[in-house]
Amino acid sequence: MSLLDRYIAKQFFTNVVLLFVVLFGFVITIDVSLNIDRFVERATDLASSGTAEPGAMRVSVLTAFLVADLWWPRILQLFNFMLGLVLVGAMGFTCAQLVRHREIVAALAGGMSLRRLGRPIIIVALAMSALQVINQELFIPRIAPLLTRDQGDAGEHRLGTTRVPLAADSLGRVWYATSLDAENNVLTDLSIWERASDGQPARRIRADAAVWRDGAWALTGGRAESRLATGPLVEPMERLETDLDPTELRMRRFAGYSQSLSWRQLGELVRNLDRLDADTDQAEAARRRY
């Protein structure tokens, strides 16, 4: 790479970094200014010890820590969202700086074409795009639980346990669970209703707990209770296949979780739906993937 290439690449990369710093600072400042009361309330709750009132300095320091704790994973996600805009803006600033100092005129007078001058910009842009892919596939999925938090959850590093509201899978079965341990992929007090062609309940599947294992839910204390006159009324059940895997449950329960999944995770979801012949849900999963 020639001296001119290094100069243009350095100028372009510097503009990219500066634009990211300015935009990140702008977004974080707006969020903090609109939600400072929630950050302070959260900091006060964490700083409180018994009946003692926490000091102002302690609350201030803890508030700053909560802002940083909430926003460092969001910055990685914002990087992916804003990269295209930043690359275009940085290219504009770089070209404007080159024109202002008559450097493009000098290069053209020396026999270089505009395509030749644009090569270092394209190389840096491709490198930043590769970094975006690595970020989306490796880093974002690992911190996905941190991206579902709001200002009132700052300082928490787990999805924790949450209730699973009524949800239908691709086979028309209605699922309900008292709680979902999103970290360990465990459902507690699970109930599933299978419906007949007329929509009436045909069978109810109950389990004390269910753990996602080898592409299906492994049931603890599972039993199927028939609501029809024919067949046994109650029969044991140890395994149940469905498209409602832990990833799908998280996407339905936590807003924006699907944006934190990697290409591989969404591909597994599409293959699982294809295996169950869930055409409608498969199209939706493919849309999320692309």
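A: First, a term: two strands pair if DSSP finds at least two bridges between them. Strands (E, at least two residues) and helices (H or I, at least four) are DSSP runs, numbered from the N terminus.
Q: And what kind of model is this?
A: This is a predicted model; local features need pLDDT of at least 70, side-chain atom pairs count only at pLDDT 80 or more, and totals for chains, interfaces and linings use all residues. Residues are numbered from 1 along each chain as its sequence is written, and side-chain values use heavy atoms, with hydrogens and water left out.
Q: How many bridges join S6 to strand S7?
A: Three, and the two strands run antiparallel. S7 covers residues 234-236.
Q: Which residue in S7 stands opposite Glu225?
A: Val234.
Q: What about strand S4 and S6?
A: Four bridges join them, again antiparallel. S4 spans residues 201-213. Here Arg204 has Glu225 as its bridge partner.
Q: Which residues of S6 are on the covered face, and which on the uncovered one?
A: Ala224 and Ser226 are on the covered face. Arg223 and Glu225 are on the uncovered one.
Q: Why that pattern?
A: In a regular strand, side chains alternate between the two faces of the sheet.
Q: New topic. How many helices and strands in the protein?
A: Eight helices and eight strands.
Q: How much of the protein is buried?
A: Buried residues make up 40% of the 290 residues. Buried means under 20% relative accessible area, exposed means over 50%, and partly exposed is in between (1.4 Å probe, protein chains only).
Q: Is Glu103 buried, exposed or partly exposed, and why?
A: Glu103 counts as partly exposed because its relative accessibility is 27%. Glu103 is found in helix H3, residues 103-109.
Q: What is Glu103 in contact with?
A: Tyr7, Gln97 and Leu98, leaving aside its neighbours within four places in sequence. Contact means heavy atoms within 4.5 Å.
Q: How far apart are Glu103 and Leu4?
A: They are 99 residues apart in sequence and 9.9 Å apart in space, C-alpha to C-alpha.
Q: Now the rings. Which residues form the aromatic cluster?
A: Phe20, Phe24 and Phe79 form one. The count of aromatic pairs comes to three. Rings of Phe, Tyr and Trp (its six-membered ring) pair if their centres lie within 6.5 Å; planes under 30 degrees apart count as stacked, over 60 as edge-to-face and the rest as tilted.
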